[in-house]
Amino acid sequence: MPISFTAAALGGEIEIPTLDGYAKIRIPAETQTGKVFRLRGKGIKGVRSSTHGDLLCHMVIETPVNLTARQRELLAELEAINVKDTSRHNPRAKSWMDKVREFFAE
């Protein structure tokens, strides 16, 4: 399911299509691409079952296009803030081993 950059960063609620119509799911703040949400009982029926399975909803963050000058300015400002302390804002900035070293260093 594609979601906007701001919805992924700030959180919110989106409506997704299901077999029965639409369902609303709450997107937590700081959601990353690849996050999977499970909607219980919203999937297809099993071959030998009368109950519905689960619907898995994979999040894909859309990158904004056709930006205005103001939007570019705001994103550049955000990038400048992020560059100052990359490890704090980027979940992949530190490797798993770096995190283990920090844990044992304390």
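**Confidence and core**

Guide: This is a predicted model, and among the elements of the protein chain β4 has the highest mean pLDDT, at 94, whereas helix α3 (residues 86-89) has the lowest, at 64. Averaged over the protein chain the pLDDT is 86, and 89% of the residues score at least 70.

Visitor: Okay, which residues make up the largest nonpolar core?
Guide: That core has 11 residues in all, namely Ile3, Ala8, Ile14, Ile16, Ala23, Ile25, Ile27, Phe37, Leu39, Cys57 and Met59. At least two residues of this core are supplied by each of β2 (12-18), β3 (21-27) and β4 (36-39), and the largest share, three residues, comes from β3.

Visitor: What does Ala8 touch?
Guide: Not counting residues up to four places away in sequence, Ala8 touches Ile3, Pro28, Ala29, Glu30, Thr31 and Ile61.

Visitor: And Thr31, is that one buried or exposed?
Guide: Thr31, which is found in the loop between β3 and β4, counts as buried because its relative accessibility is 7%, and buried means under 20%. With residues up to four places away in sequence again left out, Thr31 touches Ala8, Phe37, Met59 and Ile61.

Visitor: Switching topic: how many salt bridges are there in the whole structure?
Guide: A search of the whole structure finds three. In one of them, the side chains of Lys24 and Glu13 meet at 3.9 Å, N to O, and this pair links distant parts of the chain, with Lys24 in strand β3 and Glu13 in strand β2, 11 residues apart.

Visitor: Are those two buried or exposed?
Guide: Lys24 is exposed, with a relative accessible area of 57%, and Glu13 is exposed as well, at 54%.

Visitor: What about the salt bridge of Asp54?
Guide: Asp54 pairs with Arg38, their closest N and O atoms being 3.5 Å apart; Asp54 lies in the loop between β4 and β5 (55-58) and Arg38 in strand β4, 16 residues apart.

Visitor: And where do Glu73 and Arg70 lie?
Guide: Both lie in helix α2, three residues apart, which is about one turn of the helix, and the closest N and O atoms of their salt bridge are 3.0 Å apart.

Visitor: Last one: which residues make the nonpolar surface patch?
Guide: Phe5, Leu75 and Leu78 make that patch, which covers about 220 Å². Leu75 lies in helix α2 (residues 69-84) and is partly exposed, with a relative accessible area of 32%.

Key: Residues numbered from 1 in each chain as written. Predicted model: local features only at pLDDT ≥ 70, side-chain atom pairs only at ≥ 80, totals over all residues. Heavy atoms only, no water. Patch = residues over 30% accessible without salt bridge, like charges linked within 9 Å, V, L, I, M, F, W, Y side chains within 5 Å. Areas by Shrake-Rupley, 256 points an atom, 1.4 Å probe, with all protein chains shown as cover. Salt bridge = Lys/Arg side-chain N within 4 Å of Asp/Glu carboxyl O. Helix = DSSP H or I, 4+ residues; strand = E, 2+ residues; numbered from the N terminus. Buried < 20%, exposed > 50% of the residue type's maximum accessible area, 1.4 Å probe, protein only. Core = buried A, V, L, I, M, F, W, Y, C linked by side-chain atoms within 4.5 Å. Contact = heavy atoms within 4.5 Å. pLDDT = per-residue confidence, 0-100.
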